[in-house]
Amino acid sequence: GQPKNVGYVELDGASGDNIQTPDSAALSFSNDIEVVMRVRPDDWTAAASQTLAGKYVTTGNQRTWRFYVSTAGAIGLTASANGTAVTSVSVTPTVAMTDATWVWLRMRLDLTNGANSVATLETAADAGDNVEPSSWTANGTNTGTTIAGLFDSTAPLEIGTFASGTSERLSGRVGRCIVRSGIAGTTVAAFNA
């Protein structure tokens, strides 16, 4: 039922409606995280949180990281050093996102910036294609507790949900998702619809 040749995948929030790839050596990095996405959520303040991307399964304590949209429209950046305990930093956008409108997001979680972890959100206007922008605008930052590193879980990389398609399902469209090990670091996954 997916539209063809439109440059995006339509997610309807139903169980199992997501994009995923199995765990791999490339996805098993332990340092800072950068995720770049071209997305169009139907509602940025939905009744339940919506996962944007993550490597996060609660069964068997296979939590690594997860970036999501809260019910208040904030971007949550969560990470675990041991698969069980998680640290979350919530970034409230300086400029609120518009429902059902394409936007580029660049979300970064610096695990140990001095005494804190630091989460940042940057946005870029959509040009109607899946080409990563070269210019970004800061749209919020926040600090949290320092995170020692990322747990090397067996969880798959999922876009639009976590826990193998069962939790915090995104309702909207996804055109692109790039995961990098480190801030402006090595690309370890690149989904392009």
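Analyst: In what follows, a residue is buried if its relative accessible area is under 20%, exposed if it is over 50%, and partly exposed in between, with a 1.4 Å probe and protein chains only. Strands (E, at least two residues) and helices (H or I, at least four) are DSSP runs numbered from the N terminus. The model is predicted, and local features need pLDDT of at least 70, side-chain atom pairs count only at pLDDT 80 or more, while totals for chains, interfaces and linings use all residues. Residues are numbered from 1 along each chain as its sequence is written, and side-chain values use heavy atoms, with hydrogens and water left out.

User: How many strands does the chain have, and what is its radius of gyration?

Analyst: The chain has zero helices and 13 strands. With the radius taken over C-alpha atoms, and the globule rule being 2.2 Å times the number of residues to the power 0.38, the rule gives 16 Å for 193 residues, and the value for the chain is close to this, so the chain is as compact as a globular protein of that length. The C-alpha trace spans about 40 × 35 × 35 Å along its principal axes. The two values asked for are 13 strands and a radius of gyration of 15 Å.

User: What share of the residues in the chain is buried?

Analyst: The chain exposes about 8,000 Å², of which carbon and sulfur atoms supply 47%, the areas coming from the Shrake-Rupley method with a 1.4 Å probe and, for residues, only the protein chains shown counting as cover. Of the 193 residues in the chain, the buried ones make up 53%.

User: Which residue of β7 stands opposite I75?

Analyst: On the β5 side, strand β5 (residues 62-69) pairs with β6 in the antiparallel sense over five bridges, with F67 and L77 as bridge partners and V69 opposite I75. These two strands form a hairpin with five residues between them, and G73 in the turn has a positive phi of about 85°. Strand β7 (residues 87-91) is also antiparallel to β6 and joined to it by five bridges. In β7, the residue opposite I75 is V91.

User: How far from the D43 side chain does the backbone nitrogen of T45 lie?

Analyst: D43 is found in the loop between β3 (33-41) and β4 (50-57), and it counts as partly exposed because its relative accessibility is 29%. Leaving aside neighbours within four places in sequence, D43 is in contact, meaning heavy atoms within 4.5 Å, with Q50 and D99. From a polar atom of the D43 side chain to the backbone nitrogen of T45 the distance is 2.8 Å.

User: Is E34 buried or exposed, and which residue's side chain makes a polar contact with its own?

Analyst: E34 is found in strand β3, and at 1% relative accessibility E34 counts as buried. A polar contact is a pair of N or O atoms within 3.5 Å, of which, within protein, one must be able to donate a hydrogen and the other to accept it, residues adjacent in sequence counting only if both atoms are side-chain atoms. The E34 side chain has such a contact of 2.6 Å. So E34 is buried, and the partner in the polar contact is R108.

Technical notes
Two strands pair if DSSP finds at least two bridges between them.
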